[in-house]
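Please examine the sequence and the structure shown below. The paragraphs that follow lead through the arrangement of strands and helices.

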Amino acid sequence: MAALSIHERKRLRQIGHALNPVVMIGGQGLTENVIEETNRALNDHELIKVKIAGEDREDRAAVIDALVEATGAESVQKIGKIVLLYKKADKQNQNLSNLVRFAHWIHVQNERKKSCRDDVVFFHFDQELNK
């Protein structure tokens with residue numbers, strides 16, 4: 001899988017912010033069942049959060065690396081015990097894909113930010129005219 005660009009990572013992090021973990025790795029560590037479930041979730045949703053139990057950072061990092069290698073996914077972001085994984089689905093499911101479900105939401109948020117910036121620019125411009 002080709003490395004994600006900075007803009008792609010930013011967009012995926014925006015979408016991932018609203019997600020809850022769908023796979024949780026417990027005390028038994030990375031098992032075949034966990035890998036299988038992660039693959040299923042990645043095929044359905046494309047972008048998922050995984051929560052890894054354990055207090056040791058190095059152990060969690062090793063589990064994340066092994067999971068990324070076993071699934072062929074890309075690690076988008078790691079914060080504490082949560083990792084955001086992305087893997088493009090062979091056939092995108094319009095009803096389940098987080099990328100499709102949140103695409104409109106991200107677009108609306110970005111448009112809202114743009115309009116707020118435009119209002120500020122016009123406000124400053126109007127103040128200058130009124131002097």
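In what order do the four strands form an open sheet? In this predicted model, the order is β1-β2-β4-β3, and the pairing is mixed. Strands β1 and β3 (74-79) stand at the edges, where each has a single partner strand, so one side of each is left without a neighbour in the sheet. From one strand to the next, the twist averages 25°.

The mixed pairing can be followed along the sheet. Strand β1 (residues 21-25) and strand β2 (residues 47-52) run parallel and are joined by four bridges; here Ile25 stands opposite Ile52 in β2. Strand β3 and strand β4 (residues 82-86), by contrast, run antiparallel and are joined by five bridges. In this pair, Ile79 stands opposite Ile82 in β4.

Together, β1, α2 and β2 make a right-handed β-α-β unit. Helix α2 lies across β1, β2 and β4, running at about 165° to β1. Helix α1 (residues 6-17) lies across β2, β3 and β4, and its direction is at about 55° to β3.

Finally, consider how two helices meet. The axes of helix α2 (residues 32-45) and helix α3 (residues 57-71) come within 10 Å and cross at roughly 60°. The two helices are therefore oblique to each other, and α2 passes α3 in a right-handed crossing. Helix α2 contributes Ile35, Thr38, Asn39 and Leu42 to the contact, while α3 contributes Leu67, Ala70 and Thr71. Of the residues in this contact, four are nonpolar, three are polar and none is charged.

Terms used. Residues numbered from 1 in each chain as written. Predicted model: local features only at pLDDT ≥ 70, side-chain atom pairs only at ≥ 80, totals over all residues. Heavy atoms only, no water. Axes fitted to C-alpha atoms, helices over the stretch in contact; angles between N-to-C directions. Parallel < 35°, antiparallel > 145°, perpendicular 65-115°, else oblique. Left-handed = near helix turned anticlockwise from the far one by under 90°. Contact = heavy atoms within 4.5 Å. Nonpolar A, V, L, I, M, F, W, Y, C, P; charged D, E, K, R; others polar. Pairing = 2+ DSSP bridges. Right-handed = clockwise from strand over helix to strand, strands pointing away.
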